[in-house]
Amino acid sequence: MKEILAKAKGMEEIIRADRRYLHQIPEFGVSTPQTAAYVAKRLTEMGVQNKPCGIHKPEDRAVAALAGSPDTPNATGVVGMIGKSGPCFLLRADMDGLPMTEETGLPFASANGCMHSCGHDAHAAMLLGAAQILKDMEDELPGQVKLMFQPGEEMGYGSRTMVEDGLLENPKVDAAMALHVWPGDETGKLRYSPTVTSGSMATFYVAIQGQGGHSSEPHKAIDPMLIANELSTALNLIIPREVDPDLFATLTVGSFHSGTASNIIPDTAELAVSIRTLTPEVYEHLLKRVPEVVDGYVKAWRGAYKLHVHKTPGTVCDAALSDQLKDYVGEILGMENVRLSPPMKGAEDFGWVSRCVPGFFGFLGAGHPGCSPLHNPRMNLDEDVLPLGAAILANCAVEWLRAQK
């Protein structure tokens with residue numbers, strides 16, 4: 001809708017200022033207190049009702065610590081509400097950064113050891129822009145819009161902390177959408193996958209307990225390093241022997257820690273194993289088989305173990321909703337700039353939402369081919385994308401609500 005696009009472009013400097021402020025204060029993990037406070041402050045200034053949302057369970061805190069995230073008892077999501085009654089459409093933006101040093105040289109670059117190298121600062125700023133547009137239109141909205149600002153997307157479960165805290169209820173969410181900027185695509189072009197949109201991911205943290213001893217007396221010890229080596233080999237045989245080679249699936253033993261000297265049989269060993277796939281059935285098979293192989297090999301060599309599993313389901317969108325919303329995106333960008341694309345092999349934790357309600361996910365170009373990619377210390381965005389993203393979010397919410405009548 002041209003009116004919404006004009007409103008977004010009229011707010012471009014405000015959206016840009018929000019993005020630049022957030023860019024300077026990136027926070028990693030499910031606790032992003034400075035970012036959440038800024039988002040809540042901006043929503044309050046607009047007159048948008050908002051509240052904290054997120055539960056960080058003890059088992060999630062344990063896995064977060066294994067993944068290198070700062071321990072925190074709280075998840076710092078923010079939920080805003082616009083509209084009085086009727087159908088409810090959810091708009092999601094993630095707002096966490098990554099633990100890496102920024103090398104962009106921007107005057108508003110982060111200097112706190114974290115970086116918004118995945119563009120979540122832009123996502124939050126675009127949703128703040130959409131919130132202002134929708135708040136200005138509140139009296140004519142034929143329904144409600146719920147605004148989801150989530151931490152911990154890079155942890156793979158930040159959205160789950162909000163879903164478990166009632167995000168999708170009171171009022172009940174009927175459909176949801178999210179955007180992700182993509183610096184390697186031309187600004188103003190959007191691509192989407194109507195069903196499977198991102199890969200499923202799981203990480204298995206295996207702590208093996210053996211019995212240390214002298215290298216001259218291995219018969220008196222239980223060697224956890226030997227167990228870990230055998231286990232690594234066995235795990236790497238699962239996919240080539242049990243998964244259809246025509247289907248995408250990977251398994252990586254990415255971390256192995258044990259031992260201090262050549263003449264000491266260590267007492268413990270630790271492995272971190274990652275799986276990824278685009279096929280839900282393969283994902284369920286691997287979730288079952290990896291623990292079975294761990295149990296069998298560790299016990300075969302008389303060891304003991306503890307296993308922590310960190311899961312992020314794939315984002316599977318709703319085909320009918322995708323077909324509907326792509327037209328509303330086209331009203332902003334032009335239909336010639338909206339296209340289908342294959343699924344992303346990486347993980348995206350919007351899947352915790354799209355498994356509960358119909359969802360749509362779009363990748364919005366924010367640069368051009370050859371730009372530094374996401375998760376790169378030199379990644380930067382074309383800020384012309386900011387009003388476009390805000391307009392897309394607002395227009396999809398308005399038109400979807402109108403279509404429900």
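1. The side chains of Arg-191 and Asp-185 form a polar contact at 2.6 Å; such a contact is a pair of N or O atoms within 3.5 Å, and within protein one must be able to donate a hydrogen and the other to accept it, with residues adjacent in sequence counting only if both atoms are side-chain atoms. This is a predicted model, in which local features need pLDDT of at least 70 and side-chain atom pairs count only at pLDDT 80 or more, while totals for chains, interfaces and linings use all residues. Residues are numbered from 1 along each chain as its sequence is written, and side-chain values use heavy atoms, with hydrogens and water left out.

2. Arg-191 sits in strand β6, residues 190-192. Helices (H or I, at least four residues) and strands (E, at least two) are DSSP runs, numbered from the N terminus. Arg-191 counts as buried because its relative accessibility is 13%; buried means under 20% relative accessible area, exposed over 50%, and partly exposed in between, with a 1.4 Å probe and protein chains only. Leaving aside residues up to four places away in sequence, Arg-191 touches Trp-182, Asp-185, Arg-339, Ser-341, Gly-362 and Phe-363, where contact means heavy atoms within 4.5 Å.

3. Thr-315 is in the loop between β12 and α10 (319-333). Thr-315 is buried, because its relative accessibility is 0%. Its side chain reaches the backbone nitrogen of Gly-351 at 3.0 Å. Among the residues that Thr-315 touches, not counting those up to four places away in sequence, are Thr-197, Glu-348, Gly-351 and Ser-354.

4. The largest pocket has a volume of about 570 Å³. On a 1 Å grid over the protein atoms alone, a pocket is an open set of points where a 1.4 Å probe fits, with protein on both sides within 12 Å along at least five of seven lines; lining residues have an atom within 4 Å of a point. Grid points are joined across faces, edges and corners, and a volume is the space filled by probe spheres set on the points. The lining of the largest pocket has 29 residues, and Glu-154, Met-201, Arg-276, Ala-347 and His-375 lie nearest the centre. Strand β11 gives the most to this lining, with four residues.

5. The second largest pocket has a volume of about 260 Å³. It is lined by 17 residues, with Ser-200, Tyr-283, Pro-313, Gly-314 and Arg-355 closest to its centre. Both α9 (280-300) and α11 (351-354) give two or more residues to the lining of this pocket, and α9 supplies the largest share, four residues.

6. The structure holds zero disulfides, a disulfide being a pair of cysteine sulfur atoms within 2.5 Å. For Cys-88, the nearest cysteine sulfur is that of Cys-53, 13 Å away. Cys-88 counts as buried because its relative accessibility is 0%. The sulfur of Cys-396 is 12 Å from the closest cysteine sulfur, in Cys-317, and therefore too far for a bond. Cys-396 is also buried, at 0% relative accessibility.

7. Two loops deserve a check of the backbone. A cis peptide bond joins Asn-170 and Pro-171, with omega about 0°. Asn-170 is in the loop between α6 and β5, has a positive phi near 50° without being a glycine, and is exposed, with a relative accessible area of 73%. Arg-302, in the loop between α9 and β12, is not a glycine either and has a positive phi of about 70°. Arg-302 counts as exposed because its relative accessibility is 56%.
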